[in-house]
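Student: I have a model open and would like to go through it with you. Can we start with the overall picture and then move to details?

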Amino acid sequence: MAGIDVYWSIFAIAALLAASLEWANRRGKSSTATSNEFRLFRNNYLVVYSLMMAGDWLQGPHVYALYQHYGFGMGDIGKLFIAGFGSSMVFGTVVGALADKHGRKRAALTYCITYTLGCLTKHFNSFWVLAGGRVLCGVATSLLFSAFESWLVAEHNKRGYNSDWLGNTFSQAVFLGNGLMAILAGQVANVLVESFKFGPVAPFDAAAVVLTLGGLIIASSWTENFGDASDRSSVAEGFKKAGALIWNEPKIALLGAMQSLFEAAMYTFVFLWTPALSPKGEHIPHGMIFSCFMVSSMVGSAIAGRLLGGGSKWKVERYMQAVFALSAVMLFVPVLYHQSTPTTASPKIVGGITFDGKVQLVAFCFFEVLVGIFWPSMMTMRSAYVPEEMRSTIINFFRVPLNLFVCVVLYNVSSFPLATMFGMCSLFLLICFLCQRHFASIVHWEQAGSHFDEDVHAEAGSSGGKAVEFAKLPTSDEEAAGLGPLKTTAGE
């Protein structure tokens with residue numbers, strides 16, 4: 001019972017913090033001059049994004065259990081998971097380029113269709129049908145993490161809304177979609193399987209319904225927007241342009257490195273937190289711990305809402321250095337406790353979580369707070385520095401090394417001690433800190449060289465606007481070769 005008290009205590013403290021911070025954020029927004037038109041636009045996106053994430057979260061906790069229910073062993077289950085991540089790696093960049101060229105609304109609808117089809121394959125106890133479903137889900141995942149963000153940024157700018165409002169939309173989207181929806185979806189899925197006894201496929205059917213509802217809202221209320229929609233440019237040329245931008249523009253390359261390394265550490269943590277907290281087979285309530293993680297993430301997204309809000313004195317390029325450094329510290333904590341602990345658990349369940357496990361649990365919850373800050377902050381930086389014309393393509397380029405790494409980890413996760421794996425994650429996050437530090441110095445010197453000093457900021461504020469730097473595609477072969485500027489400023 002004492003163990004359960006620990007989980008409920010962490011959950012209650014985090015929930016109180018998340019609710020208080022979000023309430024304070026909303027009070028602050030009520031005094032901010034936003035138009036009714038913008039609020040309708042923002043709320044429409046938040047509803048759609050929440051439904052899309054709910055469709056994803058409904059499935060997550062039960063994929064492994066479903067494969068076990070069908071009688072597949074750990075080796076076959078690992079291959080099925082690798083099929084999903086490998087699909088996202090191979091096809092992700094292609095669908096990102098197609099989204100930029102043929103429309104982000106179409107890409108969002110394609111997400112709904114492919115993920116729904118992936119859910120329907122879960123009704124078949126066939127390895128190859130399930131593998132095909134994983135391929136569809138891998139494609140859908142690439143669209144989820146690129147098409148929706150790209151549509152929002154393009155539509156926000158096209159309608160002429162204040163650029164300061166965008167970061168707040170991101171923080172609310174993460175708060176609702178990555179936090180609240182995760183908790184609610186987990187509870188709904190548990191009720192469908194455990195209480196109503198509908199079987200392990202029920203959460204996937206519920207996800208299909210939610211995705212269909214979200215698709216109907218997109219089809220009826222979203223307008224289309226494009227990236228590089230030129231009839232003369234092919235998908236291959238889009239890849240070439242995106243590669244040239246990443247190669248020639250240090251800020252974009254650094255953003256890609258930080259995104260890939262942070263998410264690689266995060267996904268590795270997802271695989272490893274269970275053996276870290278119960279190395280000898282201790283009984284731990286996985287559902288309750290998952291809820292603690294998600295509500296901690298909500299705390300982080302609420303903090304990000306304050307940091308990214310209009311009038312905030314904190315610059316995202318600066319405070320993200322602290323986020324990466326603290327993340328490295330939090331994931332180094334398990335290294336201290338697993339120097340000699342074997343990665344294989346005892347078949348005999350021995351008691352509840354130990355004191356060492358509780359310390360690690362607290363560190364993991366702090367890491368989830370930092371994850372909650374990371375998502376809207378990274379989205380905000382991408383919105384300012386990744387060119388609009390190639391946004392989906394470049395975001396999915398960034399995910400290629402991530403998915404490759406996850407496939408390697410899945411294949412070899414039992415081959416290395418926990419201390420080694422968490423040490424590697426901590427190292428990745430330390431590299432993120434160094435990349436972010438270099439990124440901030442580049443931005444500082446570019447702004448200083450472009451007269452983005454305090455006097456100009458004050459002048460822009462007095463005129464009712466704020467100069468914001470946006471990236472643009474090169475307009476000539478010379479620029480693409482790195483001989484010309486790849487950026488401009490709003491209002492040029």
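Student: Fine. What is the average pLDDT of the protein?

Tutor: This is a predicted model, and the protein averages a pLDDT of 85. Of the residues, 85% score at least 70.

Student: Where does pLDDT stay under 50?

Tutor: One such stretch is residues 343-348, for which the model has 13 contacts beyond four places in sequence. Another is residues 474-492, with 32 contacts beyond four places in sequence.

Student: And how many helices and strands are there?

Tutor: The secondary structure comes to 18 helices and 2 strands.

Student: What share of the residues counts as buried?

Tutor: Of the 492 residues, 54% count as buried. The protein exposes about 21400 Å², and carbon and sulfur atoms supply 66% of that area.

Student: What about contacts along the chain, what percentage join residues at least 24 apart?

Tutor: Taking contacts between residues at least 6 apart in sequence, 87% join residues at least 24 apart.

Student: On to the core. How many residues does the largest nonpolar core have?

Tutor: The largest nonpolar core has 149 residues, and Met-52, Tyr-111 and Phe-148 have the most contacts inside it. Helix 14, residues 355-385, provides the largest share of this core, with 16 residues.

Student: What is Met-52 in contact with, leaving aside neighbours within four places in sequence?

Tutor: Its partners include Tyr-111 and Phe-148. Met-52 also contacts Cys-112, Leu-144, Leu-211, Gly-214, Gly-215 and Ile-218.

Student: Switching to charges. How many salt bridges does the structure hold?

Tutor: The structure holds 11 salt bridges. One of them joins Arg-382 to Glu-149, with the closest N and O atoms 2.5 Å apart.

Student: Which residue meets Glu-155 in a salt bridge?

Tutor: The side chain of Glu-155 meets that of Lys-158, at 3.3 Å from N to O. Both residues lie in helix 7, 3 residues apart, which is about one turn of the helix. Glu-155 counts as buried, at 2% relative accessibility.

Student: And what is the N to O distance between Glu-446 and Lys-251?

Tutor: Their side chains meet in a salt bridge at 2.9 Å. Glu-446 is in helix 16 (residues 418-449) and Lys-251 is in helix 11 (residues 250-277), so this pair, 195 residues apart, links distant parts of the chain. Both Glu-446 and Lys-251 are buried.

Student: How many residues apart are Met-266 and Cys-425 along the chain?

Tutor: They are 159 residues apart along the chain, and their C-alpha atoms are separated by 8.0 Å.

Student: Now the surface. Which residues make the nonpolar surface patch of about 340 Å²?

Tutor: Leu-427, Leu-430, Ile-431 and Leu-434 make that patch. Leu-427 lies in helix 16, and at 46% relative accessibility this residue counts as partly exposed.

Student: How does that sit with the usual expectation for nonpolar side chains?

Tutor: In soluble globular proteins, nonpolar side chains tend to be buried together.

Student: Last one. What is phi of Lys-197 near?

Tutor: Phi of Lys-197 is near 55 degrees, a positive value in a residue other than glycine. Lys-197 sits in the loop between helix 8 (164-195) and helix 9 (202-221). The residue is exposed, with a relative accessible area of 60%.

Note on methods: Residues numbered from 1 in each chain as written. Predicted model: local features only at pLDDT ≥ 70, side-chain atom pairs only at ≥ 80, totals over all residues. Heavy atoms only, no water. Core = buried A, V, L, I, M, F, W, Y, C linked by side-chain atoms within 4.5 Å. Buried < 20%, exposed > 50% of the residue type's maximum accessible area, 1.4 Å probe, protein only. Helix = DSSP H or I, 4+ residues; strand = E, 2+ residues; numbered from the N terminus. Contact = heavy atoms within 4.5 Å. pLDDT = per-residue confidence, 0-100. Salt bridge = Lys/Arg side-chain N within 4 Å of Asp/Glu carboxyl O. Patch = residues over 30% accessible without salt bridge, like charges linked within 9 Å, V, L, I, M, F, W, Y side chains within 5 Å. Areas by Shrake-Rupley, 256 points an atom, 1.4 Å probe, with all protein chains shown as cover.
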